[in-house]
Amino acid sequence: MKEFSMPVHRVEIATRAPAHDSGGKGVAEDLRHFGLGAVESVRTIRVYTIAGPDKAEIKRIAAEFLADAVVDTCAVDEDVIKPNGDVIVEITRRAGVMDPAEQSVRKGLRNLGCRVEWIRISAKYLVKGKISAEE
């Protein structure tokens, strides 16, 4: 595992209302289409793992830059939505694979004067339904 000379924090962002989670609705439909008919719902969470800023600065970045204050909720170094028996799937790009979203966030943070050593963006899914982790 890579060692960092600066603190590493994990920011999770999700829509406040499940009804407004269009990404989750789409994933749930896709899973049902591919044979997982027991999927009731899916919540999507954007995850930013950032090395550099201290916790106070990360909280400000999360609330003012990464999240939309009107529709999103965010958490730093904890789950933004507490899993309640959900199957959790988290997907990120392989190390070394370019991610345009990471580059955009890095540029935005640099423009705000934040020193970022490393950033990784992933998608976390909370899948509710009578399904197994293997499925």
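Visitor: Is Cys114 buried or exposed?
Guide: First, a word on the model: it is predicted, so local features need pLDDT of at least 70 and side-chain atom pairs count only at pLDDT 80 or more, while totals for chains, interfaces and linings use all residues. Residues are numbered from 1 along each chain as its sequence is written, and side-chain values use heavy atoms, with hydrogens and water left out. Buried means under 20% relative accessible area, exposed over 50%, and partly exposed in between (1.4 Å probe, protein chains only). Cys114 has 5% relative accessibility, so Cys114 counts as buried.

Visitor: How does Cys74 count, at 30% relative accessibility?
Guide: The value of 30% has to be set against the cut-offs. It makes Cys74 partly exposed.

Visitor: How many disulfides are there?
Guide: A disulfide is a covalent bond between the sulfur atoms of two cysteines. Here the rule is a pair of cysteine sulfur atoms within 2.5 Å. The closest cysteine sulfur to that of Cys74 is in Cys114, 14 Å away, which is too far for a bond. The count is 0 disulfides.

Visitor: Which residues of helix H2 are buried?
Guide: Helices (H or I, at least four residues) and strands (E, at least two) are DSSP runs, numbered from the N terminus. H2 covers residues 55-66, and its buried residues are Ile58, Ile61, Ala62 and Leu66. They lie on the same side of H2, because they cover an arc of only 100° around the axis. That arc is taken from the directions from the helix axis to the C-beta atoms.

Visitor: Which exposed residues does the face of H2 turned away from its buried side carry?
Guide: Look across the helix from the buried side of H2. The exposed residues there are Ala56 and Glu64.

Visitor: What do the buried residues of H2 pack against?
Guide: Contact means heavy atoms within 4.5 Å. Three of the partners are strands: E1 (8-15), E2 (39-51) and E3 (72-76). The list also holds helix H3 (100-111).

Visitor: Which residues of H3 are buried?
Guide: The buried residues share one side of H3, because they cover an arc of only 130° around the axis. What covers them includes E2, H2 and strand E5 (118-129). The buried residues are Glu102, Val105, Gly108 and Leu109.
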